[in-house]
Amino acid sequence: QEGQLGSTVMCDGFDVGGDSACPHQPGACLTDEELFLGTCYKKCSILTQGDFPTRVAAESCCKTAGLGCLDVTKDETNVAYATGGGKNDHDASTPSQVHTPLTQIT
């Protein structure tokens with residue numbers, strides 16, 4: 001992979017967790033959440049009704065994926081995107097804030 005611009009090197013080959021994602025502490029996110037840099041967030045695809053499905057930061061989602069997200073015209077940032085999947089589900093057992101993976105659901 002050396003010398004190939006834009007090829008994925010991180011979280012590939014032997015650098016994966018048990019769920020084929022980047023290595024992270026034990027546990028899982030809720031079904032309506034995504035793991036980003038070791039933290040569970042509500043999925044961008046849900047928050048943006050599919051318009052910006054790729055998370056690129058705690059408060060930013062992107063219309064495309066990969067290097068295309070470096071084009072800021074394809075990104076959308078909103079403080080409301082830094083939320084957990086349990087927000088507004090009226091279930092006290094699901095976290096409404098961003099959180100580390102939950103061991104009790106694995």
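A disulfide is a pair of cysteine sulfur atoms within 2.5 Å. The legends below apply this rule to a predicted model, in which local features need pLDDT of at least 70, side-chain atom pairs count only at pLDDT 80 or more, and totals for chains, interfaces and linings use all residues. Residues are numbered from 1 along each chain as its sequence is written, and side-chain values use heavy atoms, with hydrogens and water left out.

**View 1. The protein as a whole.**
Of the 106 residues in the protein, 27% are buried, where buried means under 20% relative accessible area, exposed over 50%, and partly exposed in between (1.4 Å probe, protein chains only). The accessible surface is about 6,900 Å², and carbon and sulfur atoms account for 54% of that surface. Accessible areas come from the Shrake-Rupley method with a 1.4 Å probe; for residues, only the protein chains shown count as cover. Contact means heavy atoms within 4.5 Å. Among contacts between residues at least 6 apart in sequence, 35% join residues at least 24 apart.

**View 2. The disulfide of cysteine 29 and cysteine 40.**
The model holds three disulfides, one of them between cysteine 29 and cysteine 40, with sulfur atoms 2.1 Å apart. The link of cysteine 29 and cysteine 40 is left-handed, with -80° about the S-S bond. Cysteine 29 lies in the segment before strand E1 (33–36) and cysteine 40 lies in strand E2 (residues 39–42), so the pair ties together parts that are 11 residues apart in sequence. Both cysteine 29 and cysteine 40 are buried.

**View 3. The disulfide of cysteine 44 and cysteine 61.**
The sulfur atoms of cysteine 44 and cysteine 61 are 2.0 Å apart and form a disulfide. This pair links distant parts of the chain, with cysteine 44 in helix H1 (residues 44–47) and cysteine 61 in strand E4 (residues 60–62), 17 residues apart. The disulfide of cysteine 44 and cysteine 61 is left-handed because the torsion about its S-S bond is about -70°. Cysteine 44 and cysteine 61 are both buried.

Cysteine 62 is joined to cysteine 69 by a disulfide, S to S 2.2 Å. The link of cysteine 62 and cysteine 69 is left-handed, with -105° about the S-S bond. Cysteine 62 counts as buried because its relative accessibility is 0%, and cysteine 69 is buried with a relative accessible area of 9%. Aspartate 51 sits in the loop between H1 and strand E3 (54–57). From C-alpha to C-alpha, aspartate 51 and cysteine 62 are 8.2 Å apart in space, and they are 11 residues apart in sequence. Aspartate 51 has 46% relative accessibility, so aspartate 51 counts as partly exposed.

**View 4. The hairpin of E1 and E2.**
E1 and E2 run antiparallel and are joined by four bridges; two strands pair if DSSP finds at least two bridges between them. The two strands form a hairpin with two residues between them, and leucine 37 in the turn has a positive phi of about 50°. Leucine 35 has cysteine 40 in E2 as its bridge partner. Thr39 and Tyr41 point one way from E2, while Cys40 and Lys42 point the other way, and all are buried.

**View 5. Lysine 42 in strand E2.**
Lysine 42 is found in strand E2. Lysine 42 is buried yet has no salt bridge, a salt bridge being a side-chain nitrogen of Lys or Arg within 4 Å of a carboxyl oxygen of Asp or Glu. The nearest side chain of opposite charge is that of aspartate 32, 4.4 Å away. For charge, Lys and Arg count as positive and Asp and Glu as negative; His and the chain ends are not counted. Leaving aside neighbours within four places in sequence, lysine 42 has contacts that include Asp32, Glu33, Glu34, Leu47 and Arg55.

**View 6. The salt bridge of arginine 55 and glutamate 34.**
The count of salt bridges is one. The side chains of arginine 55 and glutamate 34 meet in a salt bridge, 2.9 Å from N to O. The pair links distant parts of the chain, with arginine 55 in strand E3 and glutamate 34 in strand E1, 21 residues apart. Arginine 55 counts as buried because its relative accessibility is 7%, and glutamate 34 counts as buried at 17% relative accessibility.
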